[in-house]
Amino acid sequence: MNARIRRNHRERDYRFRCKDVSERQGCLLYAFPGTVNILSELHQQWLQYSKKEGEQKKMVKKPFVTKEKLEEIAAQIPTPFHIYDEKGIRENAKAVQEAFSWNPGFREYFAVKANANPALIKILGEYGCGCDCSSETELMLSDAMGFHGEKIMFSSNVTPAREYQLAEKLGAIINLDDFTHIDFLEKTIGYIPETISCRYNPGGLFSISNDIMDNPGDAKYGMTTEQLFEAFRVLKAKGAKRFGIHAFLASNTVTNDYYPTLAGLLFELAVKLEKETGAKITFINLSGGVGIPYRPDQEPNDIRAIGEGVHKAYDEILVPAGMGDVAIYTEMGRFMMGPYGGLVTRAIHQKHIYKEYIGCDACAVNLMRPAMYGAYHHITVMGKEDAPCDHKYDVTGSLCENNDKFAIDRMLPQIDVGDLLFIHDTGAHGFSMGYNYNGKLRSAEVLLKEDGSFEMIRRAETPKDYFATLDGTEEYRKMFGE
């Protein structure tokens with residue numbers, strides 16, 4: 001099968017969406033002008049491949065928690081709730097540090113937007129991680145958790161003045177998204193910081209070998225090549241002394257080649273920038289994009305192989321250029337937390353009309369990725385892990401939106417009312433993307449500790465929380481007597 005199909009079987013949707021026979025959600029392919037016929041052919045190849053893969057591979061993805069433990073938790077903390085695996089988080093954070101230990105200045109800046117629970121972020125802090133922030137509230141939280149100065153990377157876009165002011169107050173490294181923000185930042189805080197970073201967007205298509213991974217030219221982020229060179233010259237003239245380069249060119253890549261390829265591109269750029277502008281480049285930020293295997297038949301990324309690939313490019317490009325002191329930074333929100341979270345929900349209804357529906361007490365407000373992107377999240381029916389997947393269901397929530405579905409035409413074991421469902425890989429962009437449509441309340445979050453005990457690390461919202469910003473109204477007083 002064409003490798004492009006396998007690598008692009010992801011959630012991003014660029015103007016063309018095709019429907020997978022088994023899921024009708026997950027097969028999202030890239031479409032650029034003049035390529036629709038090609039994509040149609042590739043889609044047919046994908047369907048043939050999927051059928052063959054389904055025959056050859058048994059799809060296995062196991063929860064990190066047992067049914068008995070979930071029932072114990074649910075007796076105290078009602079479903080739905082998100083649960084996180086402390087052991088897995090720690091082991092993965094340690095592996096990341098080891099993979100890049102060859103670089104003395106390495107730091108992983110966890111993308112707070114992926115999961116803003118302080119109990120989890122502070123675990124990562126124990127392994128030397130910093131915080132990647134993109135908003136005022138993320139900066140506030142990072143500061144409250146004890147992350148200060150250059151342990152905070154502030155990477156935002158369309159940035160309000162007050163957010164630059166707070167980033168400067170905290171001593172965060174500011175990563176400029178746009179050339180015009182140089183003057184905006186200077187006018188806002190009164191000077192240009194001595195340490196500054198710029199976000200780069202090379203435009204066009206980003207490829208690994210012959211495989212198109214993403215379309216940076218269609219993204220709103222970063223500076224063009226010409227703007228980046230001019231930005232370094234201007235910033236240097238305004239007093240900047242230590243420079244960084246940042247780029248994010250593809251999302252959720254399930255290949256060990258992404259970071260090494262991106263690193264090679266940025267390392268060569270850094271050599272040219274330093275030579276032509278005289279700017280001292282002290283760090284290169286590979287940002288995020290290292291993905292996780294949402295589907296059971298996907299091979300997970302090997303972070304040690306990725307780290308070694310970046311090391312090889314570093315030695316081949318930067319070291320000969322006399323830049324062997326450049327620090328490597330990353331911002332891997334999804335990779336750091338995604339697999340170590342799950343959404344636990346209970347089946348509360350069945351519906352038998354033109355299709356078979358299972359209604360859950362969770363909905364898209366608890367996990368919006370399937371509704372928003374058509375993203376695949378694996379589902380385990382707890383206690384029925386070894387039962388045959390011989391029932392086809394749409395697994396839904398209760399929102400007044402027909403896209404409120406965790407799965408469409410999914411083959412699963414027979415689901416009975418009362419069964420617990422474990423929806424995998426919600427540790428990143430799960431709870432954090434939640435919202436309150438239909439007046440639904442956000443769920444609790446639970447940490448499964450290494451010793452097998454558990455702790456509620458965020459309580460569930462209450463109606464009073466939901467109506468809190470109406471506290472000066474007559475309606476609020478009628479509801480709560482205050």
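What covers the buried residues of α6? In this predicted model, where residues are numbered from 1 along each chain as its sequence is written, local features need pLDDT of at least 70, side-chain atom pairs count only at pLDDT 80 or more, and totals for chains, interfaces and linings use all residues. Side-chain values rest on heavy atoms, with hydrogens and water left out.

The cover includes β3 (130-133), β4 (152-155) and α7 (161-170), with contact taken as heavy atoms within 4.5 Å; helices (H or I, at least four residues) and strands (E, at least two) are DSSP runs, numbered from the N terminus. Within α6 (residues 136-144), E138, L139 and S142 are buried, that is, under 20% relative accessible area, against over 50% for exposed and in between for partly exposed (1.4 Å probe, protein chains only). They sit on the same side of α6 because they span an arc of only 100° around the axis, judged by the directions from the helix axis to the C-beta atoms. Exposed T137 and A144 are on the face turned away from that buried side. Just past α6, G146 adopts a positive phi of about 100°.

Turning to the rings, Phe, Tyr and Trp (its six-membered ring) pair if their centres lie within 6.5 Å, with planes under 30 degrees apart stacked, over 60 edge-to-face and the rest tilted. That rule gives 14 aromatic pairs. One of them is the stacked F100 and F106, 4.6 Å centre to centre with 10° between the planes. Both F100 and F106 are buried. Ring pairs also tie F100, W102, F106, F267 and Y314 into a cluster.
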